[in-house]
Amino acid sequence: MTAPGVDDAIREARPVSERRLHPVTPLRRAWAPVAVLIGWAVHDPDQAQRQLTRLTTTTLLIALAVLVPAAALYGFLTWWYTHFAVTDSELRIRTGLVFRRTAHIRLERIQAIDVTQPLLARVAGVAKLKLDVVGTDKKDELAFLGAEEARSLRAELLARAAGFAPETAHEVGEAPSRELLRVPPRVLAVSLVLTGATWGTLAAALVVPAVLWLFTESVWTVLATAVPLVGAAGAASVGRFVTEYDWTVGESPDGLRLDHGLLDRAHETVPPGRVQTVRLVEPLLWRRRGWVRVELDVAGSSNSVLLPVAPREIAESVVARVLPGVTVPPPEALTRPPRRAGRCVPLWWRGHGLAVTDAVFAARAGLLSRTLALVPHAKVQSVRLAQGPWERRWNVADVHVDTGAGKTVTARLRDAGEAAELLRTQAERSRTGRRDARPDRWMA
């Protein structure tokens, strides 16, 4: 009979087979020395121009003869000294050419694994694995692996994280997925056209440089201002369209799967039980069409968008899958602050609202672009009441609800007596919710 813990010790003592990344990875790492030179040239363009004018053809050829092999050698060595291995209890990643780093990632702490394929990676047939781990802000990654190897490794790690034995994890494979919805490109394009941020950044990119030229007549000042503004306008329109193109939501035992991207394809997973807050964003020009955007706060994850645009009824059905047992309160169920709150925040006080159900704390904010934030009681970490001097004068207060994702949802300008009662009752709801909450397990 084996003593407790001996089996684990025997498994840990087994030899571990380490693997390397895909052979195309050195090409990615080889850009680092070139990037340093480009950064120096951007930082001091005058000095860079003077140095380039001094170069003769012979000197330039010698520099290239040194730089290209050096970059290739750097890329090869960083690839050669990077290994990863999957043991019975953890994923180990060893990196570093001069300064060595070993990451020990406990399998039961893995909450999501995303597969991304930038455009060139898709051409080369490789993919990148990004791991969301409980308690860490930065994602560890394996870049790059063969596309099939990446999917196989992801399935194995998720099976291990779900509690399958190492001997059977290889046989589990990727959990089946059922498509829930797909955002048509036309709907996505129209939604971006009807978004105020798109027109606001575009107007700023056209007006601000023209005004600066009238006052300064300096080309460099205009360019220094215009380039960031044009980039912001592009990111708010074309950039979002390229990123959110062909947005697909699927349901599987390991969570909701998100696939999207026109050039760079991303395969992300919303881990079950880790969603702290869901926000339904409703821009002014979307309301006639009944569209909303659904955003998320996930503990330890950077995934923030669940649906770029969808009819409200469909969005609410998807929210019900992310937050089981939660129903989105209808607009008429949200109570506004008292009229005297207008003395604190004129006009905009009408956009605030609050609804507290048995399952969720729901707070709305915004008059033109409305945002309804939903926090399950089980995810509330702390509750605070804040009251400034002007709010005390008009007997109103704010109630702040803090979540496990480090974010805060605020019910603004509530009656002071209502806020005090809400502070007391919400603390009790949070304790009860955490006690009755489902376990945060993969494939549960």
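Rings of Phe, Tyr and Trp (its six-membered ring) pair if their centres lie within 6.5 Å. By this rule, ring pairs link Phe76, Trp79 and Trp80 into a cluster. The model described here is predicted.

**Aromatic pairs**

- The structure holds six aromatic pairs.
- The pair of Phe76 and Trp80 is stacked, because the ring centres are 5.8 Å apart and the planes meet at 25 degrees, whereas planes count as stacked when they are under 30 degrees apart.
- Phe76 and Trp80 both belong to helix α5 (residues 57-80), and being four residues apart there, they are separated by about one helical turn.
- Phe76 has a relative accessibility of 37% and therefore counts as partly exposed.
- Trp80 is likewise partly exposed, with a relative accessible area of 38%.
- The rings of Trp390 and Trp394 form an edge-to-face pair, because their centres lie 6.2 Å apart and their planes are at 75 degrees, and angles over 60 degrees count as edge-to-face.
- Trp390 counts as partly exposed at 49% relative accessibility, while Trp394, at 18%, counts as buried.

**Charges over rings**

- The ring of Trp80 has the charged end of Arg20 sitting over it, 3.7 Å from the ring centre.
- The ring of Trp394 has the charged end of Arg393 sitting over it, at 4.4 Å from the ring centre.

**Annotated transmembrane regions**

- An unreviewed UniProt entry lists residues 60-82, 187-213 and 219-238 under "transmembrane region".
- Residues 219-238 are 100% helix and 0% strand, with the end C-alpha atoms 26 Å apart.

**The chain as a whole**

- The protein chain contains 14 helices and 19 strands.
- It has 444 residues, of which 41% count as buried.
- Among contacts between residues at least 6 apart in sequence, 54% join residues at least 24 apart.
- The accessible surface of the chain comes to about 23,700 Å², and carbon and sulfur atoms account for 61% of this surface.

Methods:
Residues numbered from 1 in each chain as written. Predicted model: local features only at pLDDT ≥ 70, side-chain atom pairs only at ≥ 80, totals over all residues. Heavy atoms only, no water. UniProt positions renumbered as here; feature names shortened; annotations may be inferred. Helix = DSSP H or I, 4+ residues; strand = E, 2+ residues; numbered from the N terminus. Buried < 20%, exposed > 50% of the residue type's maximum accessible area, 1.4 Å probe, protein only. Contact = heavy atoms within 4.5 Å. Areas by Shrake-Rupley, 256 points an atom, 1.4 Å probe, with all protein chains shown as cover. Lys NZ or Arg CZ within 6 Å of the ring centre and 35° of its normal.
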